Amino acid sequence: MRKKIIAGNWKMNKTPSEAVALINELKPLVANEEVDVVFCVPAISIVPAMEAAKGSNINIGAENMYFEESGAYTGEIAPNMLTDVGVKYVIIGHSERRDYFAETDETVNKKVLKAFEHGITPIICCGESLTQRQQGVTIDFIRQQIKIAFLNVTAEQAATAVIAYEPIWAIGTGMTATSDQAEEVCAAIRACIAEIYDDATAAAIRIQYGGSMNAGNAAELLAKPDIDGGLVGGASLKPDFGKIVNYNK
Ligand code: PGA
């Protein structure tokens, strides 16, 4: 039985002091031991967020990471900078990073390999555009994203990974995929993992849905057999996040 994992993606929101205030506000609302709870926050807020989350069930994660160890990469964050402060999760390849910061399937793969090398669990994002959905190539496109993201990743590593299926047309738009649409793709992702590795790896890996998940639609999405959690943007900055985390109560 896979434990659900619900992660907030704060994106470029909240100053460090606002981050601390929000964590203090949400801490009592997200107490649900049956679910892994992660807040992925801007790099500058990771340390104060960790302090604020101490003693709670909240894990603090990063929103991005570079694939080199150190060196002349102005503005980037190295994996050992994250592990040094206790980060265990990092979002890799969010569609906003692919669209605005030129990340490719290949750089996503390099980051995934580097995260595993440092014992950080990658939350690997994939998802189709509206045009791709309308043209009926969603599953083909996502299989390609997954196959490249997992190049040279071992079965043992893959079993611990988190994949976030986020249709781009549903992100920040209020247009959630129906639970059947989300389940269809999440099931296809699991089948793709079984094809690359084996049934045991596919059964272990956790697959989230993301894209306008909110307190009203979370329970229906999370009831689907292949949806093991959510990656939540807008609603993770509000008390609503507590309702999503407690979808089973
Ligand atoms: P949203 O964002 O919940 O605001 O649609 C999700 C995401 O981009 O991870």
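Rings of Phe, Tyr and Trp, the six-membered ring in the case of Trp, pair if their centres lie within 6.5 Å. I note this cut-off at the start, since my first entry is about rings. I also note that this is a predicted model.

**Entry 1: aromatic rings**

I searched the whole structure for aromatic pairs and got 7. I looked up the pair Phe39 and Phe241, where the ring centres are 5.5 Å apart and the planes stand at 80°. Planes over 60 degrees apart count as edge-to-face, so Phe39 and Phe241 are an edge-to-face pair.

Where in the chain do Phe39 and Phe241 sit? I found Phe39 in strand β2 (residues 35–41) and Phe241 in helix α12 (residues 240–245). They are 202 residues apart, and the pair links distant parts of the chain. I checked accessibility as well, and both Phe39 and Phe241 are buried.

I then asked which residues ring pairs link into a cluster. Trp10, Phe39 and Phe241 are linked in this way.

I moved on to Tyr66, which lies in the loop between β3 (58–62) and α3 (79–84). Tyr66 forms an aromatic pair with Tyr73, with 5.0 Å from centre to centre and 45° between the planes. I wrote this pair down as tilted.

Tyr73 has a relative accessible area of 35%, so I count Tyr73 as partly exposed. The limit I applied is that buried means under 20%.

I listed what Tyr66 touches, not counting residues up to four places away in sequence. The list is Tyr73, Glu76, Ile77, Pro79, Lys111 and Lys114. I also looked up the distance from Tyr66 to Ile92, which is 9.6 Å from C-alpha to C-alpha. In sequence, Tyr66 and Ile92 are 26 residues apart.

**Entry 2: two buried Asp residues**

I looked up Asp226 next and found it in the loop between α11 (218–222) and β8 (229–232). Its relative accessibility is 13%, so Asp226 counts as buried. Which side chain does the side chain of Asp226 meet in a polar contact? The partner is the side chain of Arg190, at 2.6 Å. I set aside the neighbours of Asp226 within four places in sequence and listed the other contacts. They are Arg2, Glu183, Cys186, Ala187, Arg190 and Ile207.

With 14% relative accessibility, Asp105 counts as buried. The side chain of Asp105 makes a polar contact with the side chain of Arg98, at 2.6 Å. Beyond its neighbours within four places in sequence, Asp105 is in contact with Arg98, Gln144, Gln145 and Ile148.

**Entry 3: positive phi**

Lys14 has a phi of about 75° and is not a glycine. I found Lys14 in the loop between β1 (4–9) and α1 (16–26). Its relative accessible area is 35%, so Lys14 is partly exposed.

Asn152 is not a glycine and has a positive phi of about 70°. Asn152 is placed in the loop between α7 (138–149) and α8 (155–160). Is Asn152 buried or exposed? I noted a relative accessible area of 64%, so Asn152 is exposed.

**Entry 4: pockets**

Rolling a probe the size of a water molecule over the atoms shows where empty space is left.

The largest pocket has a volume of about 520 Å³. I counted 20 residues in its lining. Nearest the centre of the largest pocket are Lys11, Glu63, Asn64, Arg97 and Phe101. I sorted the lining of the largest pocket into 11 nonpolar, 4 polar and 5 charged residues. Which element gives the most to this lining? Helix α4 (residues 95–100) does, with 3 residues.

The second largest pocket holds about 190 Å³ of space. It is lined by 16 residues, and closest to its centre are Gly172, Gly211, Ser212, Gly233 and Gly234. I sorted the lining of the second largest pocket into 5 nonpolar, 9 polar and 2 charged residues. In this sorting, Gly is among the polar residues.

Terms used: Residues are numbered from 1 along each chain as its sequence is written. Side-chain values use heavy atoms; hydrogens and water are left out. On a 1 Å grid over the protein atoms alone, a cavity is a set of points where a 1.4 Å probe fits but cannot get out, and a pocket is an open set with protein on both sides within 12 Å along at least five of seven lines; lining residues have an atom within 4 Å of a point. Grid points are joined across faces, edges and corners, and a volume is the space filled by probe spheres set on the points. Helices (H or I, at least four residues) and strands (E, at least two) are DSSP runs, numbered from the N terminus. Buried means under 20% relative accessible area, exposed over 50%, partly exposed in between (1.4 Å probe, protein chains only). A polar contact is a pair of N or O atoms within 3.5 Å; within protein, one must be able to donate a hydrogen and the other to accept it, and residues adjacent in sequence count only if both atoms are side-chain atoms. Contact means heavy atoms within 4.5 Å. Rings of Phe, Tyr and Trp (its six-membered ring) pair if their centres lie within 6.5 Å; planes under 30 degrees apart count as stacked, over 60 as edge-to-face and the rest as tilted.
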